[in-house]
Amino acid sequence: AEKHAGVSCVTASMDDIQFEEAARVGQIIVIRAKVNRAFKTSMEVGIKVTVQDVLTNVEKIVSVAYATYVAKPVGAEKVELKPVELLSAEDHLEHSLAIERRRIRLGYVQVFQKLMRESNKEGDFYTCEEKDALPTEYTHVQSTELVLPPHANHHGNTFGGQIMAWMQTVASISASRLSRSHPILKSVNMFKFWGPSFVGDRLVFNAIVNNTFHNSVEVGVRVEAYNCEEWIKAEPRHINSAFLVFSAVNNKGELLTFPRVKP
């Protein structure tokens, strides 16, 4: 992103990430990234992750993801980006698809906001009458992390990937309280940066199971940041939220069934 913009850039959001393959210790991970399309003040960066087994030399796709970046403003004005130079047929295809992904991305947010407004109407609530359903409070996990220099980029902003890794940890613990095994991350949905965090901030992660779907479970994670003054005053900044979907398998590789939950 910064190579294209020529100035410092920050991550604005990540599209939903699907994991096709698990990467394991001893394998080689290859990450390729390129700017697919530059809009007026933002750009889409396509990221392809593959894993190669050193013994068999077989290479498999782990994930293909799309991130939205913006150039850091110089003063009060946003930085306008130059168009992407298209060199191959693949570049032209990704350039065309990027505008459609952007349209879907913006529509996705509007649909979700509408859903939240409708579900928050007075008297609209969900009850689970199923016998032996576990209360979701049983799955609540909270963790606090201090942002240190190795956790941040050259601007002092916390790495988005570091935040996602911490989110996955608390979400995995939350899901494991239902699966009684090691959950496998299948997707990360609606991962958006609502604001930055910096070296020295305390990040508080809250995770809880929202619902189970037979062989999968959705865990919601909310991230709040505090600097020293905000920490004393208990005034957090909401910087991230996401929904992580997990499955779980037994020692035979068979999918496990998750119990029902009661909000």
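User: Hi! Where does the second largest pocket lie?
Analyst: It lies between domain 1 (1-114) and domain 2 (129-262), because both give residues to its lining. Those bounds come from an automatic or database domain assignment. A pocket here is an open set of points on a 1 Å grid over the protein atoms alone, where a 1.4 Å probe fits, with protein on both sides within 12 Å along at least five of seven lines. Lining residues have an atom within 4 Å of a point.

User: Before we go on, what kind of model is this?
Analyst: A predicted one: local features need pLDDT of at least 70, side-chain atom pairs count only at pLDDT 80 or more, and totals for chains, interfaces and linings use all residues. Residues are numbered from 1 along each chain as its sequence is written, and side-chain values use heavy atoms, with hydrogens and water left out.

User: Thanks! Which residues are nearest the centre of that pocket?
Analyst: A12, S13, R105, V109 and K192, out of 35 lining residues. The largest share of the lining, 9 residues, comes from α2.

User: Switching to T158: is it buried or exposed?
Analyst: T158 is buried, at 8% relative accessible area (buried is under 20%, exposed over 50%, with a 1.4 Å probe and protein chains only).

User: And what does its side chain pair with?
Analyst: The side chain of S197, through a polar contact of 2.6 Å. That term covers N or O atoms within 3.5 Å, where one must be able to donate a hydrogen and the other to accept it; residues adjacent in sequence count only if both atoms are side-chain atoms.

User: Where in the fold is T158?
Analyst: In the loop between β7 (141-146) and α3 (160-179). Helices (H or I, at least four residues) and strands (E, at least two) are DSSP runs, numbered from the N terminus.
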